[in-house]
Amino acid sequence: VATTGIEKDFHNANALRFAEAGYVVLAMEIRGFGYLQRMGGKNQDIDLGTRIGYLIHHGQCLPGATVDDLVEGLNYLETRREVDPQRLGAVGFSFGGKAAIYLAALDERIKAVMTSGSVTSFVANFHFSQHGSEDSIPGLRRWLEMSDCVGLVAPRPMLVHWGALDN
């Protein structure tokens, strides 16, 4: 909501700015956050902790499930006549920023990325920022650090923002 400019805040409508630069922007609302913080059937809300547990029980993590959702978003955008597949971008803040990086690293249909409050080391992410299990990808640290994930997006353009007040 904030990155699209629907609400005014310090995200400065980053997705809207991306669109003004000629990109079709995939701005994500992630299950378990924002408007999708509580979801489930009627009278059966599923909170973030329950969703993470459900995903782990089924052999998946929230970042993986989020990238799956985003791939489906890209698949949909590709069906639209008005969408130039060479102008697809992804924008996100915090967890959404990490998801945009992971999506672009795994799917070359994303031609540019804007990420805010999300590029740090995994140690800093968990130790200093004290993020929880929602950011966990089991075993990833054995092979990659976040800087490696960012490198997988190259040579496509990426704007990385980190606010002075972000921990």
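Ser94 counts as partly exposed because its relative accessibility is 22%, and the cut-off for buried is under 20%. This residue sits in the loop between E4 and H4, and its phi is positive, about 60 degrees, although Ser94 is not a glycine. The model is predicted. The protein has 167 residues, of which 39% count as buried.

**Overall layout**

- The protein contains six helices and six strands.
- Read from the N terminus, its elements follow the order α-β-β-β-α-α-β-α-β-α-α-β.
- Taking contacts between residues at least 6 apart in sequence, 63% join residues at least 24 apart.

**The sheet**

- Four strands form an open sheet in the order E1-E4-E5-E6, and their pairing is parallel.
- Strand E1 (24-27) and strand E6 (158-161) are the edge strands, each pairing on one side only.
- From one strand to the next, the twist averages 15 degrees.
- E1 and E4 run parallel and are joined by four bridges; Val25 stands opposite Gly89 in E4.
- Helix H3 packs on this sheet, where it touches E1 and E4, and its direction makes about 155 degrees with that of E1.
- Helix H4 also packs on the sheet, touching E1, E4, strand E5 (112-116) and E6; the direction of H4 makes about 150 degrees with that of E4.

- Of the 12 residues of H4, 10 are buried, so the helix is mostly covered.
- The buried residues of H4 include Phe95, Lys98, Ile101, Tyr102 and Leu103.
- At 1.5 Å a residue, H4 should span 16 Å, which agrees with the 16 Å between its end C-alpha atoms.
- Two packed helices are described by the angle between their axes and the distance between the axes.
- For H3 and H4, the axes come within 9 Å and cross at roughly 65 degrees, and H3 passes H4 in a right-handed crossing.
- On the H3 side, the contact is made by Leu62, Pro63, Thr66, Val67, Leu70, Val71 and Leu74.
- On the H4 side, the contact residues are Phe95, Ala99, Tyr102, Leu103 and Leu106.
- An α-helix has 3.6 residues a turn, so residues three or four places apart point the same way.

**Nonpolar cores**

- In soluble globular proteins, nonpolar side chains tend to be buried together.
- The largest nonpolar core here has 29 residues, and Tyr102, Leu103 and Ile110 are those with the most contacts inside it.
- At least two residues of this core come from each of helix H2 (48-57), helix H3 (62-78), strand E4 (88-93), helix H4 (95-106) and helix H6 (146-151).
- H4 gives the most to this core, supplying seven residues.
- Leaving aside residues up to four places away in sequence, Tyr102 touches Pro63, Val67, Phe122, Ile137, Leu140, Met146 and Cys149.
- Another core, of six residues, lies apart from the largest one; among its members are Phe18, Tyr23, Ala112 and Met114.

- The peptide bond from Ala154 to Pro155 is cis, with omega near 10 degrees.
- Pro155 is placed in the loop between H6 and E6.

Note on methods:
Residues are numbered from 1 along each chain as its sequence is written. This is a predicted model: local features need pLDDT of at least 70, side-chain atom pairs count only at pLDDT 80 or more; totals for chains, interfaces and linings use all residues. Side-chain values use heavy atoms; hydrogens and water are left out. A nonpolar core is a set of buried Ala, Val, Leu, Ile, Met, Phe, Trp, Tyr and Cys residues joined through side-chain atoms within 4.5 Å. Buried means under 20% relative accessible area, exposed over 50%, partly exposed in between (1.4 Å probe, protein chains only). Contact means heavy atoms within 4.5 Å. The expected span of a helix is 1.5 Å times one less than its number of residues. Two strands pair if DSSP finds at least two bridges between them. Axes are lines fitted to C-alpha atoms, for helices over the stretch in contact, and angles run from 0 to 180 degrees between N-to-C directions. A crossing is left-handed if the near helix is turned anticlockwise from the far one by less than a right angle, and right-handed if clockwise.
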